[in-house]
Amino acid sequence: MIEIIIIVIGVLIAFYLTNWGDEIEKRKTEKEIISQIYFELNDNLVDLKNDIELHKNSLKSQLKIQKFLDTDSISSDSLLMDFYWATKEEYIFPNTSAFENLKNTGMSIVKNVSLRDLITLVYNNYFPRISKGNNLHPDINDYLSPYLKKNFKVNRNPNIKYDLHLGDSLKITYPRSFGNGIKQIIGYIPLDAKSLKNDEEFRFLISEILWFRIYKIHYYQTSITNTEKILKLIEKQYPKTIVQKKDE
């Protein structure tokens with residue numbers, strides 16, 4: 001009887017130690033994947049913030065063009081750069097290797113349900129909506145360019161200066177010099193400003209791309225907000241893991 005009890009106790013101890021060892025290994029794997037997610041999202045966040053500034057700049061240009069169409073307070077000569085920026089499109093090309101690793105390992109490895117759900121939402125819902133090929137609305141450049149090719153000419157005047165402000169710290173001045181006398185000159189000029197102002201097709205296009213742009217800015221901002229939430233949750237729950245990874 002004593003021998004049986006000893007055997008049973010031995011089996012239970014072995015079972016406990018095995019589960020304990022498995023749990024330790026799972027938590028180690030969890031921390032490794034979470035640290036990968038953390039630094040991957042930090043990289044993606046940089047792209048998100050750069051892209052949304054371009055979209056905001058383009059939105060300002062579109063609103064100025066709309067005002068030009070609706071009032072007599074703006075001349076087409078002052079919109080040379082705005083016609084250019086209204087066509088610009090931007091997408092995020094997120095790095096998702098850490099998230100793929102998480103899915104292959106099993107989402108349940110992340111014990112914090114709120115964190116797990118938020119990571120899934122950002123990668124599976126928000127990022128795809130602002131990625132090339134998954135957008136709900138047409139590509140703005142593809143949508144608007146055919147009209148511009150027929151009704152506009154390209155600015156060739158290198159003396160016209162334009163400052164593009166991206167956020168609070170970055171400013172790009174056009175024309176941009178690439179050395180050896182090569183310059184990037186931007187701007188579109190309407191062939192007939194008066195006809196353009198009364199062209200219902202152009203009004204329709206500008207009205208449509210306004211909603212396309214607002215939609216994209218909304219999902220960019222939502223992606224930024226939720227990415228920052230994920231980073232803060234990780235920093236709060238896994239501070240030692242993040243510090244160790246930064247020091248490597």
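**Entry 1: a residue in H7.** I started with Thr227, which is found in helix H7 (residues 200-237). Helices here are DSSP runs of H or I with at least four residues, strands are runs of E with at least two, and both are numbered from the N terminus. I noted that this is a predicted model: local features need pLDDT of at least 70, side-chain atom pairs count only at pLDDT 80 or more, and totals for chains, interfaces and linings use all residues. Residues are numbered from 1 along each chain as its sequence is written, and side-chain values use heavy atoms, with hydrogens and water left out.

Is Thr227 buried or exposed? Thr227 is buried, because its relative accessible area is 0%. (Buried means under 20% relative accessible area, exposed over 50%, partly exposed in between, with a 1.4 Å probe and protein chains only.) I then listed its contacts, leaving aside neighbours within four places in sequence: Leu41, Leu45, Leu48, Val122 and Phe127. Contact means heavy atoms within 4.5 Å.

**Entry 2: H5 against H7.** I checked how helix H5 (residues 140-151) packs on H7: the angle is about 170 degrees and the axes are 11 Å apart. H5 is therefore roughly antiparallel to H7. (Angles under 35 degrees count as roughly parallel, over 145 as roughly antiparallel, 65 to 115 as roughly perpendicular and the rest as oblique. Axes are lines fitted to C-alpha atoms, for helices over the stretch in contact, and angles run from 0 to 180 degrees between N-to-C directions.)

From H5, Ile140, Tyr143, Leu144 and Tyr147 take part. Their partners in H7 include Phe202, Leu205 and Phe212. By class, I found nine nonpolar, no polar and three charged residues in this contact. (Ala, Val, Leu, Ile, Met, Phe, Trp, Tyr, Cys and Pro count as nonpolar, Asp, Glu, Lys and Arg as charged, and the others, Gly among them, as polar.)

**Entry 3: salt bridges.** I searched the whole structure and got six salt bridges. (A salt bridge is a side-chain nitrogen of Lys or Arg within 4 Å of a carboxyl oxygen of Asp or Glu.)

Arg203 pairs with Asp70 at 3.2 Å, N to O. Arg203 is in H7 and Asp70 in helix H1 (residues 2-70), 133 residues apart.

Lys216 forms a salt bridge with Glu89, with the closest N and O atoms 3.1 Å apart. Lys216 is buried at 6% relative accessibility, and Glu89 is buried at 16%.
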